[in-house]
Amino acid sequence: MTELIHDVDLADPQTFHSDLTDFWKRLREHNPVAWHPPRGDNPGFWAVSRHADIMAVYRDNVNFTSERGNLLVTLLAGGDSAAGQMLAVTDGHRHRELRKIMLTAFSPRALERIAERVRENTRRLVAEAVERGTCDFAEDIASHIPMGTIADLLGVPASDREFLLSLTKSALSSDAEDAGEVDALMARNEILLYFGELVEQRRASPGDDVISVLAGGEIDGKSLTEDEMVLNCYSLIIGGDETSRLSMIDAVRTLADHPAQWQLLRDGDVGLGTAAEEILRWATPAMHFGRTCLTDTEVGGVPIAAGDIVTLWHSSGNRDASVFDDPYAFTLGRTPNKHITFGYGPHFCLGAYLGRVEVSELLSALRTFSRGFEVAGPARRIHSNFLTGFSSLPVRFEPDPAGLAQYHETRGATV
């Protein structure tokens with residue numbers, strides 16, 4: 001039934017400026033594993049829209065591989081040059097061993113230290129913005145929290161973080177409609193060059209950070225190459241920034257539109273952790289990931305040929321009524337909440353814990369320092385076929401004097 005997908009080009013960023021609610025509903029109901037025909041220079045690919053089918057492909061690392069790309073931009077181009085070196089596009093034994101190395105930098109002790117910095121940074125940024133009365137939430141708050149978190153893990157100097165943030169914003173999405181793939185490629189190359197220099201510094205003088213862990217890591221008795229270290233730093237800085245930043249922005253926009261849910265949060269009638277999960281489901285900033293089929297197989301009863309590209313649409317799976325009661329309702333107290341915002345299976349997001357901490361701490365700071373807030377101007381949407389969200393969100397706050405006074409009193413006691 002390819003006619004259901006015939007008039008929608010999922011490779012075109014402009015497509016996602018429209019409301020695709022009805023489109024995804026029709027696919028899930030009538031054509032859950034749908035063939036997206038070739039358009040222009042792009043080959044055809046499968047679009048998987050049901051939660052269960054997406055999970056099945058994520059679990060199956062025998063019939064499907066990430067090593068020919070995991071995003072439409074690389075899958076449609078014929079592959080990813082980082083395959084076999086960067087964790088996200090490496091499978092099998094090498095993926096397991098590389099993940100083990102990187103997980104040592106995500107130890108409970110390291111994460112506890114980083115989580116405390118997240119809390120301090122978030123509370124400071126939100127308190128300052130609330131006291132000013134207005135801000136661009138995307139620029140003034142959300143842009144600084146995830147970047148600060150992942151930069152702390154990587155040991156990126158504070159003086160370099162604004163530069164890196166500007167690059168990550170261009171690497172997989174854009175604020176401008178006329179920005180092309182060349183701009184994105186240049187941004188990605190700049191990030192790689194930056195980490196190439198930082199890797200050399202850490203090899204000469206190791207520290208207590210992810211880059212130093214990678215520099216000391218070995219797989220099958222051999223040290224990681226410089227390319228492997230640089231590519232995995234790139235992956236962490238991109239992945240660690242985008243998901244949390246865009247989820248935070250969406251959280252404020254959505255809560256402003258749902259005052260009853262905000263009041264539940266503010267009154268403490270819903271837990272921060274539970275609320276954070278619904279924020280992540282609702283926002284679903286990474287709309288898709290993808291795989292390439294290795295052997296003839298089936299997904300949801302549909303034959304898939306070896307060599308076919310298969311895209312897995314989180315933005316649809318996270319609204320699947322067979323998994324989520326009333327999926328188009330924003331419900332902070334939703335349990336269970338089996339969203340796939342962080343993926344699933346062997347490639348489950350390495351930074352999921354920190355992403356959850358960041359969103360939870362944002363919600364905590366908002367309900368402590370503000371009685372409420374409203375969107376104070378037009379929100380500017382990003383342009384991407386992979387990410388969805390906003391790059392600008394003007395917000396006006398109503399301060400909570402008691403919460404702010406207690407914050408300043410506590411800070412004064414610890415200075």
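The second largest cavity holds about 30 Å³ of space. A cavity here is a set of points, on a 1 Å grid over the protein atoms alone, where a 1.4 Å probe fits but cannot get out; a volume is the space filled by probe spheres set on the points, which are joined across faces, edges and corners. The model is predicted: local features need pLDDT of at least 70 and side-chain atom pairs count only at pLDDT 80 or more, while totals for chains, interfaces and linings use all residues. Residues are numbered from 1 along each chain as its sequence is written, and side-chain values use heavy atoms, with hydrogens and water left out.

**Cavities**

- The structure contains 2 cavities of 30 Å³ or more.
- Pro-13, Phe-16, His-17, Arg-381, Ile-382, Ser-384, Leu-387 and Thr-388 line the second largest cavity (lining residues have an atom within 4 Å of a point).
- This second lining comprises 4 nonpolar, 3 polar and 1 charged residues, where Ala, Val, Leu, Ile, Met, Phe, Trp, Tyr, Cys and Pro count as nonpolar, Asp, Glu, Lys and Arg as charged, and the others, Gly among them, as polar.
- The largest cavity has a volume of about 60 Å³.
- Around the largest cavity stand Val-57, Tyr-58, Asp-60, Asn-61, Phe-64, Ser-66, Asp-91, Arg-291, Pro-346 and His-347.
- By class, the lining of the largest cavity has 4 nonpolar, 3 polar and 3 charged residues.

**Helices α6 and α8**

- Helix α6 (residues 108-132) and helix α8 (residues 145-154) have axes that come within 10 Å and cross at roughly 150°. Helices are DSSP runs (H or I, at least four residues) numbered from the N terminus, and axes are lines fitted to C-alpha atoms over the stretch in contact, with angles from 0 to 180 degrees between N-to-C directions.
- α6 and α8 are therefore roughly antiparallel to each other (an angle over 145 degrees).
- In α6, Ile-114, Arg-117, Val-118, Asn-121, Thr-122 and Leu-125 meet Ile-145, Thr-149, Asp-152 and Leu-153 of α8 (contact means heavy atoms within 4.5 Å).
- The residues of this contact between α6 and α8 are 5 nonpolar, 3 polar and 2 charged.

**Helices α9 and α12**

- Helix α9 (residues 161-171) packs with helix α12 (residues 226-257) at an angle of about 80°, and their axes are 10 Å apart.
- α9 and α12 are therefore roughly perpendicular to each other (65 to 115 degrees).
- Leu-164, Leu-165, Thr-168, Lys-169 and Ala-171 of α9 meet Tyr-234, Ile-237, Ile-238, Asp-241, Glu-242 and Arg-245 of α12.
- The contact of α9 with α12 divides into 6 nonpolar, 1 polar and 4 charged residues.

Technical notes: 1 Å grid on protein atoms, 1.4 Å probe; cavity = no way out; pocket = protein on both sides within 12 Å on 5 of 7 lines; lining within 4 Å. Helix = DSSP H or I, 4+ residues; strand = E, 2+ residues; numbered from the N terminus. Parallel < 35°, antiparallel > 145°, perpendicular 65-115°, else oblique.
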